[in-house]
Amino acid sequence: MEEAASLYSDSLGEIKRDQFPLYWAKVQVNLQNVLLEIRPTNNNLEPIEDAIKAYRMALSELKRERVPLDWATTQVHLGYALLELGRRRPGATHLAQAVVAHQLALQIYTKKKNPLKWARIHGRLAGVLLVLGKRVQGTDGLEKAVEEYRATLQIQRNRVPLEWAKTQGNLAIALYELGIREPGTDQLENAVAAQREALSELKRERAPLDWAAAQGNLGKVLSELGIRKSNTDYLETAIIAYRAALEEIKRDKHPINWANAQADLGYALSALGMRRSGTDHLERAVEAYRAALEAQKSEEILLEWGRTQQKQGGTL
């Protein structure tokens, strides 16, 4: 990756934009794609902002009427960069721009001519709508995300089963977020069904981390169902799912994910303990919360640490 970035950067120094505008634009896009892969962006927004500027400069040369596929592909890259910036910035401006970029790309990549590419862009658009829907009031964005994920699934099932499974998992997350905002449990039960569909294809031995993430997401939905219905069976099944996830998520390799899973496990144990006699489950909840807190005490995940403190306070 570093070598590729160096080659693209050197090429840009040699290529004159006014002489070879299309070639210059394509190299610009390729360079930014590589830089976004290799530059750390957790607390540094400059690489993302640079990429957005570069993609927009490239689009000024890659005209839709002349090179429609290059134009559409660059819109997708721009949409991804805007999504990443939108995740890290308050408000909805960059996320709304990411939605537009993906929608523009879909004007070129049609279901009839490019079904797989069409499905992947719809999946990316759904991801943007999910982030946007979680950030704003109401359910409109989340409902649109659900629609986009379901459109994607129609193409993926028989062509790319692993991608289909991941989209099922993303659909489950969107349904869960929708269910949190709506009364009743219909959407949450739909989320459980979607997550189980994902797990039917995500085999532990083939994709252990994807399988673990799906188990963790299943546990989250089951916990909410168990609390809403005051049903201990759901809570017990959620605990099993979290513990399964933690068998693959190792603290030394994935400390943030491990800490989050421990906190979620503590939440489910706490909810179960409040509905059972004795203190066994509550004591285990405290152990899980403390394990999460120990791993979360770093500047990078201070917000998650604060949330775990709040959850543990409810148990103690």
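Salt bridges first: this predicted model holds 17 of them, counting a side-chain nitrogen of Lys or Arg within 4 Å of a carboxyl oxygen of Asp or Glu. One of the pairs is Glu49 with Arg89, whose side chains meet at 2.3 Å, N to O. That bridge links distant parts of the chain, since Glu49 sits in helix 3 (residues 46-59) and Arg89 in the loop between helix 4 (68-88) and helix 5 (93-105), 40 residues apart. Helices here are DSSP runs (H or I, at least four residues), numbered from the N terminus.

A note on ground rules: this is a predicted model, where local features need pLDDT of at least 70 and side-chain atom pairs count only at pLDDT 80 or more, while totals for chains, interfaces and linings use all residues. Residues are numbered from 1 along each chain as its sequence is written, and side-chain values use heavy atoms, with hydrogens and water left out.

Now for the helix packing. Axes are lines fitted to C-alpha atoms over the stretch in contact, and angles run from 0 to 180 degrees between N-to-C directions.

| Helix pair | Axis distance | Crossing angle |
|---|---|---|
| Helix 8 (residues 161-181) and helix 9 (residues 186-201) | within 8 Å | roughly 165° |
| Helix 7 (residues 140-159) and helix 8 | 9 Å | about 160° |
| Helix 4 and helix 6 (residues 115-135) | within 11 Å | roughly 20° |

Helix 4 is therefore roughly parallel to helix 6, the label for angles under 35 degrees. Helix 7 and helix 8, by their angle, come out roughly antiparallel, which takes an angle over 145 degrees. Helix 8 and helix 9 are roughly antiparallel to each other too, and their contact residues split into 14 nonpolar, 7 polar and 2 charged. In that tally, Ala, Val, Leu, Ile, Met, Phe, Trp, Tyr, Cys and Pro are nonpolar, Asp, Glu, Lys and Arg are charged, and the others, Gly among them, are polar.

What about handedness? The crossing is left-handed for helix 8 with helix 9, for helix 7 with helix 8 and for helix 4 with helix 6; in other words, the near helix is turned anticlockwise from the far one by less than a right angle.

On to the rings. Two charges sit over rings, with NZ of Lys or CZ of Arg within 6 Å of the ring centre and within 35 degrees of the ring normal. Arg157 has its charged end 3.8 Å from the ring centre of Trp164, and Lys117 lies over the face of Tyr109 at 5.4 Å.

Last, a backbone detail: Ser230, in the loop between helix 10 (208-229) and helix 11 (232-248), has a positive phi near 50° despite being a residue other than glycine.

Terms used: Helix = DSSP H or I, 4+ residues; strand = E, 2+ residues; numbered from the N terminus. Parallel < 35°, antiparallel > 145°, perpendicular 65-115°, else oblique.
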